[in-house]
Amino acid sequence: MSERRWYVIHTYSGYENKVKANLEKRIASMNMEDKIFNIVIPEEDEIEIKDGKKKITKRRIFPGYILVEMILTDESWYVVRNTPGVTGFVGGGNKPIPLTEEEVEEILKRARGETPRFRLDVAPGEKVRVISGPFQNFSGVVEEVNAEKAKLRVMISMFGRETPIELDYAQVEKI
């Protein structure tokens, strides 16, 4: 008997929820609960800061893809593959390739919201105002944007000199 592994299925982008619902119905109607266990649409919280307000939205990590934890047999492959909206498994040829434990853990960690993503609509050269921290109420020009760490380098004028400071997205608002 094969082991439980995570596989990636490809769907039409924007139809992930519908495909998940279709697949759940098929699993129940075809008594596959002992072979197909979890269906996950990987999403993460994205924190957007607009007009000084934090707004949290869900964003799909991999649009058009769904993770399925299953024991791969001819029957379970057939049930998933022939679900309306599924265009196929990710993998070579007719044999799907399971994700590694590390890949699954990283995707699920992002989906659990352990590492929220920030989005701030500013670019180098634009002006921002500091809204919190020791430099509150100072204004400056964005020098550098580090989206991965959700940080900015801003040049503020202090004591008649330009001084670079590093700030979190949450500490500034666009002017």
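Which residues form a nonpolar patch on the surface? They are F62, Y65 and V90, and together they have about 220 Å² of accessible area. Accessible areas come from the Shrake-Rupley method with a 1.4 Å probe, and for residues only the protein chains shown count as cover. Patches are made of residues with over 30% relative accessible area and no salt bridge; like charges are joined within 9 Å, and nonpolar side chains (Val, Leu, Ile, Met, Phe, Trp, Tyr) within 5 Å. A salt bridge is a side-chain nitrogen of Lys or Arg within 4 Å of a carboxyl oxygen of Asp or Glu.

This is a predicted model, in which local features need pLDDT of at least 70 and side-chain atom pairs count only at pLDDT 80 or more, while totals for chains, interfaces and linings use all residues. Residues are numbered from 1 along each chain as its sequence is written, and side-chain values use heavy atoms, with hydrogens and water left out.

Y65 belongs to strand β5, residues 65–71; strands (E, at least two residues) are DSSP runs numbered from the N terminus. Y65 counts as partly exposed because its relative accessibility is 30%; buried means under 20%, exposed over 50%, and partly exposed in between (1.4 Å probe, protein chains only).

I turn now to T11, in strand β1. T11 counts as buried, at 1% relative accessibility. Beyond its neighbours within four places in sequence, T11 has contacts that include Y65, I66 and T87, a contact being heavy atoms within 4.5 Å.

Finally, R119 lies in strand β7, residues 117–119, and is partly exposed at 40%. R119 and K54 stand 65 residues apart in sequence, with their C-alpha atoms 9.9 Å apart in space.

Methods: Helices (H or I, at least four residues) and strands (E, at least two) are DSSP runs, numbered from the N terminus.
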